[in-house]
Structure formats: structure tokens, C-alpha cells
Amino acid sequence: ISSTSGSNSSNVKAVQSALSAKGYYNGDYDGSYGSGTEQAVKDFQKAMGLRVTGMAGPTTQRLLYGGTSESGSYSKLDVGSTGSAVKRLQYALYELKYYDGDISGTYDTVTQNAVMVFQELNGLAIDGVAGQQTQQKLFSSNAVPCSI
């Protein structure tokens with residue numbers, strides 16, 4: 001959710017409410033993604049160790065709303081994989097500060113390297129493959145942001 005993506009006002013209100021409950025936002029729940037909401041998102045992202053963008057992306061929302069466990073079924077992604085699942089993977093790695101490349105939807109060596117660092121810092125087997133365990137951790141609210 002961002003000020004530039006044509007955000008749905010009820011989604012923005014939910015973000016504002018969750019930010020308020022966590023002590024980051026004290027404005028009105030007006031459904032408008034203005035500078036106050038954006039700053040609250042930035043403050044929350046900084047506190048959580050996420051990349052500070054001011055946009056409430058999927059990882060930011062997972063941490064904001066909580067309750068996302070390490071479950072779900074995922075297809076294995078590896079070098080050469082393409083498509084929307086790779087884009088989701090790259091964006092989650094971006095938000096957690098592991099990935100700085102393009103959100104291209106192509107699993108390249110830059111993506112593989114980001115996955116390996118994620119695996120290392122999250123106590124997973126380091127193979128550069130985004131398999132079931134890696135994606136369950138990545139898409140959970142328990143994922144550890146990059147600190148190196």
C-alpha cells in the first residue's frame with residue numbers, strides 16, 4: 001500500500017489503525033495515505049529493521065498485523081525460475097534488506113546470493129534455492145531482517 005498505487009481507503013484505514021495500536025500513528029483513520037501515514041510506516045519499518053520506504057509492502061504488513069506463521073505451500077524457486085512467484089520473493093527479500101536488484105521476476109545470481117544470505121541469517125540450510133522451508137520463513141512474521 002502506497003500513496004502512489006491507488007490504495008484502497010479501507011486498506012489504508014487498516015494500516016493506520018494497526019500503526020496507531022503499535023504507537024506509530026496518532027492521526028485520523030481517514031483512509032488517505034498522506035505524509036503522516038507515510039512517516040508512521042517509515043518509523044515502523046526502521047524499528048523493525050526493514051528497508052525504510054514509506055510504502056506498506058507485504059512484509060511490512062505481515063509484521064504490522066502479526067500472526068503469520070511459518071506455514072503455506074510453495075513451489076521451489078531456483079536460478080532460471082521466472083514469474084510472479086519470483087517477484088514476490090524478490091520484493092520480500094528487498095523489504096528485509098537482503099536484495100537490492102530489480103524486482104524482475106527472474107531468479108538470477110543476485111537473487112540467489114540474497115537467498116543464501118537470508119538462509120544464513122535465519123538458520124536455514126544454505127543452498128541458494130528458495131524451497132519450502134526458505135519461503136515459509138521468508139513469508140512469515142518471524143523472518144529476520146538483514147543486519148549486515
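At 18% relative accessibility, R51 counts as buried, where buried means under 20% relative accessible area, exposed over 50% and partly exposed in between, for a 1.4 Å probe and protein chains only. The structure is a predicted model, in which local features need pLDDT of at least 70 and side-chain atom pairs count only at pLDDT 80 or more, while totals for chains, interfaces and linings use all residues. Residues are numbered from 1 along each chain as its sequence is written, and side-chain values use heavy atoms, with hydrogens and water left out.

The structure holds two salt bridges, a salt bridge being a side-chain nitrogen of Lys or Arg within 4 Å of a carboxyl oxygen of Asp or Glu. Side chains of opposite charge can pair when their charged atoms come close. R51 takes part in one of the bridges, with D100 as its partner and an N to O distance of 2.9 Å. This pair links distant parts of the chain, since R51 lies in the loop between α2 and α3 and D100 in the loop between α4 and α5, 49 residues apart. Helices here are DSSP runs (H or I, at least four residues), numbered from the N terminus, and strands are runs of E of at least two. D100 has a relative accessible area of 65% and is therefore exposed. R51 also lies over the face of Y94, at 4.2 Å from the ring centre. A charge is taken to sit over a ring if NZ of Lys or CZ of Arg is within 6 Å of the ring centre and within 35 degrees of the ring normal.

A salt bridge is also formed by K42 and E38, whose closest N and O atoms are 3.7 Å apart. Both residues lie in helix α2, four residues apart, which is about one turn of the helix. K42 is partly exposed because its relative accessibility is 27%, and E38 is partly exposed because its value is 25%.

Helix α4 was examined next. At 1.5 Å a residue, the 12 residues of α4 should span 16 Å, and the end C-alpha atoms are 16 Å apart, so the two values agree. The expected span is 1.5 Å times one less than the number of residues in the helix. The buried residues of α4 include V86, L89, Q90, A92, L93 and E95. Among the elements that cover the buried residues of α4 are α3 (58-65), α5 and α6 (132-138), contact meaning heavy atoms within 4.5 Å.

The largest nonpolar core has 31 residues, and those with the most contacts inside it are L19, L89, L93, F118 and L138. A nonpolar core is a set of buried Ala, Val, Leu, Ile, Met, Phe, Trp, Tyr and Cys residues joined through side-chain atoms within 4.5 Å. At least two residues of this core come from each of α1, α2, α3, α4 and α5. Residues up to four places away in sequence not counted, L89 touches L77, Y107, T111, V115, A130, Q135, L138 and F139.

Y91 is also found in helix α4. With neighbours within four places in sequence left aside, Y91 is in contact with M55, G57, P58 and I103. Y91 and G101 are 10 residues apart in sequence, and their C-alpha atoms are 9.6 Å apart in space.

K97 follows α4 and lies in the loop between α4 (84-95) and α5 (109-121). The phi of K97 is near 70°, a positive value in a residue other than glycine. K97 counts as partly exposed because its relative accessibility is 36%.

The structure holds four aromatic pairs. Rings of Phe, Tyr and Trp (its six-membered ring) pair if their centres lie within 6.5 Å, and planes under 30 degrees apart count as stacked, over 60 as edge-to-face and the rest as tilted. The rings of Y24 and F44 have centres 5.4 Å apart and planes at 85°, so this pair is edge-to-face. The pair links distant parts of the chain, with Y24 in the loop between α1 (9-21) and α2 (35-48) and F44 in helix α2, 20 residues apart. Y24 is partly exposed at 27% relative accessible area, whereas F44 is buried at 1%.

T68 lies in the loop between α3 and α4 and is partly exposed, at 27% relative accessibility. T68 and S141 are 73 residues apart in sequence and 5.4 Å apart in space, C-alpha to C-alpha. Not counting residues up to four places away in sequence, T68 touches R62, F139, S140 and S141.
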